[in-house]
Amino acid sequence: MAYVVGEACIKCKYTDCVEVCPVDCFYEGENMLVIHPDECIDCGVCEPECPAEAIKPDTEAEAAEKWGELNREYSGIWPNITRKKDAPADADSWKEVGNKYPEHFSANPGEGN
Ligand code: SF4
Ligand code: SF4
């Protein structure tokens, strides 16, 4: 079992989550983060840290079905991120927006740190 990052992270990317992860298993895309499912030790401390409530356990069917594979795929491609960085300037305006994946998901990597 692992935790997964879902749609709410897209264009929010507050990065509060990376500060608390004891095993540094977050990876950064251009406008969202993902968790490496084989590195996550399932401690759950990141879940309440996310202001966008984007992090869910993969025991939740919807999270696992929609986001499990995406977290696995992109955590193998994108760079590791271990320290908080400034959120995008318009992050708050995207926080309540739903269905962001079709138009706003980017497969491009972030910068990592
Ligand atoms: S805290 Fe939430 S919105 Fe921010 S990067 Fe982590 S998962 Fe994404
Ligand atoms: S559940 Fe724990 S190990 Fe997994 S991503 Fe969150 S903080 Fe890291």
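Colleague: How do the residues of the shell around ligand 1 divide into nonpolar, polar and charged?

Modeller: Bear in mind that this is a predicted model. The ligand 1 shell has 10 nonpolar residues, 1 polar and 2 charged.

Colleague: Which residues are the closest to ligand 1?

Modeller: Cys9, Tyr14, Cys17, Cys50 and Ala52. In total, 13 residues surround that ligand.

Colleague: And ligand 2, how many residues surround it and which are the closest?

Modeller: 13 residues surround ligand 2, with Tyr3, Cys21, Cys40, Cys43 and Cys46 the closest. That shell splits into 11 nonpolar, 1 polar and 1 charged.

Colleague: Switching topic. Which residues have the most contacts inside the largest nonpolar core?

Modeller: Val5, Cys9, Cys17, Phe26, Leu33, Val34 and Ile35. The core has 30 residues. Elements giving two or more residues to this core are β1 (3–5), α1 (16–20), β2 (26–28), β3 (33–35) and α2 (61–75).

Colleague: Take Phe26. What is it in contact with, leaving aside neighbours within four places in sequence?

Modeller: Phe26 touches Cys17, Val18, Cys21, Leu33, Ile35 and Ile81.

Colleague: Zooming out, what pattern does the protein follow along the sequence?

Modeller: β-α-β-β-β-α-α-α. That is 4 helices and 4 strands.

Colleague: What share of residues is buried?

Modeller: 35% of the 113 residues. Of the contacts between residues at least 6 apart in sequence, 84% join residues at least 24 apart.

Definitions and conventions: Residues numbered from 1 in each chain as written. Chains lettered and ligands numbered in written order. Predicted model: local features only at pLDDT ≥ 70, side-chain atom pairs only at ≥ 80, totals over all residues. Near = placed C-beta within 6 Å. Nonpolar A, V, L, I, M, F, W, Y, C, P; charged D, E, K, R; others polar. Core = buried A, V, L, I, M, F, W, Y, C linked by C-beta atoms within 7 Å. Buried ≥ 20, exposed ≤ 12 C-beta atoms within 10 Å, placed from the backbone. Contact = placed C-beta atoms within 7 Å.
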